[in-house]
Amino acid sequence: QQQQQQHRATWGSGVSGQITLDLDGSMEEGRSAVATEDDQSLPTLLDDALDFLANRRNTWKHLLLLYTVTLISFIMAATALGKAQSRSSTADSGSDSTALCSGGEDLLWGSDIVTSSQGQHYQLVEAGAERAVDWKEAFEDAASRCYDGKQGSLAAVESSEEAAFLHTTLFSKYAESKSDEDDESSVQAWLGGTDMFSTSEFSWIDEIDGSTISRSKFWTGGSSGEAAGDSFENWAPGEPSNADTSNGAQDCVALDGETGYWVDHPCTSLLDYFFVEFT
């Protein structure tokens, strides 16, 4: 019986094999029938490797998701902060009357300037029937206008000369409207007077700066009331009626183009004109 010499060789990680070499030169190849406890099969190693790579991929996915969420949150927070700062800046600039007109440029939005004999400057703004404005809209529009470095406000009528000048200016619009026989509408213009802050106490409102209101009282009471101190007044007979209507209380003052008298209206009423004064 011929003796056989055996040699063991290993290829790759954990794979053992055996070469049997016969004395006559023949060679047999086969897998080792014996495996140590530390040896692992090739499929097991592949499974472990795939699990490792899968875990790595999941980790990167989680990191990428966390990064994306953090980036989106940062962008949203930065956008919200920018809008808040913009609103704050707009509010600050809007409340600073000197800043609006400090450049010295006129902002009149198309209407002409009229000047009284006392050198006061006014602007009669015609909104038009299709774009008639309430008192609040007229007040805000007036404050957006500048002339000769001065900011506009709804006109405060504080003398008979001033009242006559504004009536003459508005009466020309009334005369134009009466040239059309089919036009029966009244011609009235908002002024800066109101009693919305204290019922039956009418004041000229010059400026509303945040929580600060600049006003001067000129009338106390209803139609049978009296002027405040030596203040000028020019109410129509029976005015101010201060009556409640379906549109609210009559809290805002307007100039009638036909008579030149003052009347009170609900502040939500829509008028075609308003007077801006630059002081």
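## A serine in helix α4

The side chain of Ser 177 reaches the backbone oxygen of Tyr 174 at 2.6 Å. Ser 177 lies in helix α4 (residues 160-178). Ser 177 is buried, with a relative accessible area of 10%; buried means under 20%, exposed over 50% and partly exposed in between, with a 1.4 Å probe and protein chains only.

This is a predicted model, in which local features need pLDDT of at least 70 and side-chain atom pairs count only at pLDDT 80 or more, while totals for chains, interfaces and linings use all residues. Residues are numbered from 1 along each chain as its sequence is written, and side-chain values use heavy atoms, leaving out hydrogens and water. Helices (H or I, at least four residues) and strands (E, at least two) are DSSP runs, numbered from the N terminus.

## Aromatic pairs

The whole structure holds 13 aromatic pairs. Rings of Phe, Tyr and Trp (its six-membered ring) pair if their centres lie within 6.5 Å; planes under 30 degrees apart count as stacked, over 60 as edge-to-face and the rest as tilted. Trp 204 and Phe 218 are stacked, at 4.3 Å centre to centre and 20° between the planes. Trp 204 sits in strand β9 (residues 201-209) and Phe 218 in strand β10 (residues 212-220), 14 residues apart. Both Trp 204 and Phe 218 are buried.

Trp 204 also pairs with Trp 262: the ring centres are 5.3 Å apart and the planes stand at 90°, so this pair is edge-to-face. Trp 262 belongs to strand β15 (residues 262-265), so the pair ties together parts that are 58 residues apart in sequence. Trp 204 has a relative accessible area of 2%. Trp 262 is buried at 1%. Ring pairs link Phe 202, Trp 204, Phe 218, Trp 219, Phe 232, Trp 235 and Trp 262 into a cluster.

Strand β14 (residues 252-256) has five of its five residues buried, so it is largely enclosed by the rest of the structure. Cys 252, Ala 254 and Asp 256 point one way, while Val 253 and Leu 255 point the other way.

Two strands pair if DSSP finds at least two bridges between them. Strand β8 (residues 188-194) pairs with β14 in the antiparallel sense over four bridges. There, Ala 189 stands opposite Leu 255. β14 and β15 also run antiparallel, joined by four bridges. Leu 255 stands opposite Trp 262 in β15. β14 and β15 form a hairpin with five residues between them, and Gly 260 in the turn has a positive phi of about 85°.

Note on methods:
Polar contact = N/O pair within 3.5 Å; in protein donor to acceptor, adjacent residues only side chain to side chain.
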